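Please study the sequence and the structure, then work through each solution step by step.

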Amino acid sequence: MNTNVLIVDDNSDNLYLLKILMEKQGWNVHEALNGSVALKIAQDHMPDLIVSDILMPVMDGYPLCQHCKADQKLKNIPFVFYTATYTEPKDEKFALALGADRFIIKPEEPSTLINILIELLEEKNTENFVAARPLGEEMEFFRRYNEILFHKLEKKILDLEMANQEFKELEERYRLNFENITDVIFSFDTNLNILSMSPSVEKILGYKAQDFIGCPLSEIGSILSPQSLEKAINHLDQIFKGSILPPSIYEFIGKDGTLTVGEVSGSPFIRNGKVAGIVCVGRNITRRKKAEDALRESEERFRILTESSPTAILLFQNDRWIYANPAATAITGYPNQELLSMNFWDVVHPDDRQSVMERGQKRQQGMPVTRRYEFRILSKDKTVKWVDLSGETIVYNGNPAGIISVLEITERKKMEEELKQAEENFRRSLEDSPLGALIIVETGKMMYANRALLDIYGCKSLEELEAIPAKDRYTPESFAEHEDRKAKRKKDRYVPSEYEVSIVRRDGDIRHLRVFRKEVLWSGNRLFQVLYNDITERKLAEEYQKSMQERLQRAEKMEVLGRMAGKVAHDLNNVLGALTGYSELLLMQLPEGQRARTNAEKIMQSTQKGAAIIQDLLTMARRGVTATEIINLNSVIAGFFKTPVFEGMKEQYPRVVIRTNCDPDLMNIKASPVHMEKMLMNLLSNAVEAVPDAGEVSIRTENRYLDRDIRGYERIEEGDYVVLTVSDTGTGIEAENLDKIFEPFYTNKGMGRSGTGLGLSIVWGTVKDHDGYIEVQSNVGKGTTFTLYFPVTREGMTLPRQKTPLERYRGRGESVLVVDDIAEQRDVASGLLAQMGYQVHTASGGEEAVEYLRENRADLLVLDMIMAPGIDGLETYQRILQIHPKQKAILVSGFSETDRVREAQRLGAGAYIKKPYTMETIGMAIRDELNR
């Protein structure tokens, strides 16, 4: 069953909102703008519920409720009052006495309002529901209704007077200037007869005031130009209709024919609710002379003006009121006659009485006092009110008197007190805020700074902070942005209210701040609040995170390139292994002096160069260091200076001077001499090529104890290090390229200079493989410095290994099984081992080797670790051990040592030999493993 609801309100917006709210519940809604229309709709449609406002035209809510409850058809319909005007307990009591079921004060939360109405409808649907019934007789209803209505209308009038305070002040200023005014004041009755004319007209136009009083406008029209006369008639007609004439320009013709330009304004004065006449003010704007005693108003004219004023105007003499306008009785609550019978001080609040008395007495005695001040009064009902009083001393009936105007400012004082309290709370919240806070005027002058902001700047007081020039408070970049924002604000251009700045503390430290700027009211003035959030730690963390991310990306890139380089190196090593082996076999078969032997030697040399290139790839991939020794870096440097490579470098760059400063007491490191020399060669090559013409390259070694972080490293191992520094006076490296120089194939050299693009990648890989650190500093146009740190070792140095004679590793007829997936590698190994006196068998993969050993024995396996397709070296060895648990083996591979190599050695395998290998290398490994 649908629910029908009747809503009644003279405000269409309220009706619309209620209708939307109720239709969301699925209710049918009827609307009425007053009680009379609502009553007819209710009688025609019999709604389930009536929701009505109270104060409405034609018929308001109270009579509507009374009629509904008196109607036999409507009396059982629940009736709800929803009002914003009648909000006092006695209003609700009267409403319920009329028979209303609910009394709700606007505004109410929509959900709460709907819940109340739903509950009421649910009650109505119960069997025992009885709608509320009116109490009392009809005459009693009208008496109480009139009493409440009168009270509300009286309150409405007071509210209207408060809303027109600006007009009251204008009227008050007019009254205060009235007696001393130099302008012309004149008035008309409704027949356009002049009632009065101020004497000042004579000084302006030459006519006496008596020439005009009593005359109709038509007889004095000659003082106006024809255009002005027509304008005046039109304006007077508008004023009689209730309009106020704003200042308008007229041309006046003086008695001597002089043309005078005047500015005239006018307004109607009201008697008994009707326009009774017009009061106008004319000002001579031709010469703007001041004329004292221009206006002498009669008491009647004064009364006419003041009685129509919404500002309280009072006249007192000898501490007694002698005149009070209607507005005064409204403020004090005393009827006019009662107010005039009272002492002046009776309405003043006791706590303010003494100060007001002293001012009044001084004013009547002609002594200088404050013309305007504020104090409290007690109205007739003992309500305390604040008033703003302006007073003047006049002569009345030959004796001093006081004339005052009074404005009630109770609400304003309340608002000021609330504002003061709010500002105090605001200030306290700023003081306790962890954010820095600054209050400034539009020009930038500081009014307030909290403790947090002073701490941010390292200042002790606002004066100390303000004494610092703005240019010194910011970093150069932030100061430029600050000036740009200030210039935009002056031009009323958009500036974001939130931005970041970098400031300089008193101690020189730089802090990064997030700034929030907004307009605020401070002590009634328009100021700006600026909040500062110190985000220095966050910014540093973001920069650190960005650095770590970049390092991770570089590491991932190097890892990918490393895997690729390792795979390439493995495949090339298999190829070069065959060339090396075949070359060595040829050299063993060819006698000295034959041309073929020379060709074989050249093939051998070429394969060694290819192996060096592969070694570079493995170093770049950080997989190239297979053996280390105890070395002294000074010896590596001295040895490199004797190489053809260094000599060629000096010949190619004759104008580059290479200087050394090596510590003679340099400690030892554990490293690969080959890799160290390769690293030094790449550093020197990079340095001399960076010098465009003439310059210098310096090499320095020293011992250093590290206990600090190095740029680019999250942490370092504290301890003793050998430091190698290579610096040049070349072109330098731009900052954005510093993080790229160690990437493979990155170069900013011109085409055809030198190198493969792996030079610094090899340096980086070598340092990492030796657990070292590398640091780069560069200034464009001044040069670059590479600083390398290698951990010191306390182990003693070993003597250089001598070439081993063949007899030391010659075979004794033992059987060897060569397992390799590359046919050429099997052939080379077979040839070399046969030359050394071993019985050689071969297998092309792990599965074939396992099957061979099921039926046969071998004294030793030469086992390749990486084979495809099929099982690799580790799995092959694991299966063979199940057949022959103590099977001896050595491991070979074109790749670097891996975890799978170490696992095979843990299971019992011997040495690991990297391809390409020589006869001596593999021969010694086999001999040592067979002898073990």
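**Exercise 1.** Determine which residues lie nearest the centre of the second largest cavity, and which elements give two or more residues to its lining.

*Solution.* The model is a predicted one.
Step 1. Of the 15 residues that line the second largest cavity, L314, W321, V347, I377 and V406 lie nearest its centre.
Step 2. Two or more lining residues come from each of strand 11, helix 11 (326-332), strand 13, strand 14 (384-396) and strand 15. Helix 11 gives the most, with three residues.
Step 3. By class, 14 lining residues are nonpolar, one is polar and none is charged. The volume of this cavity is about 140 Å³.

**Exercise 2.** Describe the order of the strands in the open sheet of five strands, and state how they pair.

*Solution.* 
Step 1. The order is 12-11-15-14-13, and the pairing is antiparallel.
Step 2. Strand 12 (320-324) and strand 13 (372-378) each have a single partner strand, so one side of each lacks a neighbour in the sheet.
Step 3. From one strand to the next, the twist averages 35 degrees.
Step 4. Strand 11 (residues 312-317) is joined to strand 15 (residues 399-408) by five bridges. I313 has S405 in strand 15 as its bridge partner.

**Exercise 3.** State the volume of the largest cavity and the classes of residue in its lining.

*Solution.* 
Step 1. The volume is about 370 Å³.
Step 2. The lining of the largest cavity comprises 27 residues, and F186, I223, L224, F252 and V264 lie nearest the centre.
Step 3. The lining has 20 nonpolar, five polar and two charged residues.

Terms used:
Residues numbered from 1 in each chain as written. Predicted model: local features only at pLDDT ≥ 70, side-chain atom pairs only at ≥ 80, totals over all residues. Heavy atoms only, no water. Pairing = 2+ DSSP bridges. Helix = DSSP H or I, 4+ residues; strand = E, 2+ residues; numbered from the N terminus. Axes fitted to C-alpha atoms, helices over the stretch in contact; angles between N-to-C directions. 1 Å grid on protein atoms, 1.4 Å probe; cavity = no way out; pocket = protein on both sides within 12 Å on 5 of 7 lines; lining within 4 Å. Points joined across faces, edges and corners; volume = space filled by probe spheres on them. Nonpolar A, V, L, I, M, F, W, Y, C, P; charged D, E, K, R; others polar.
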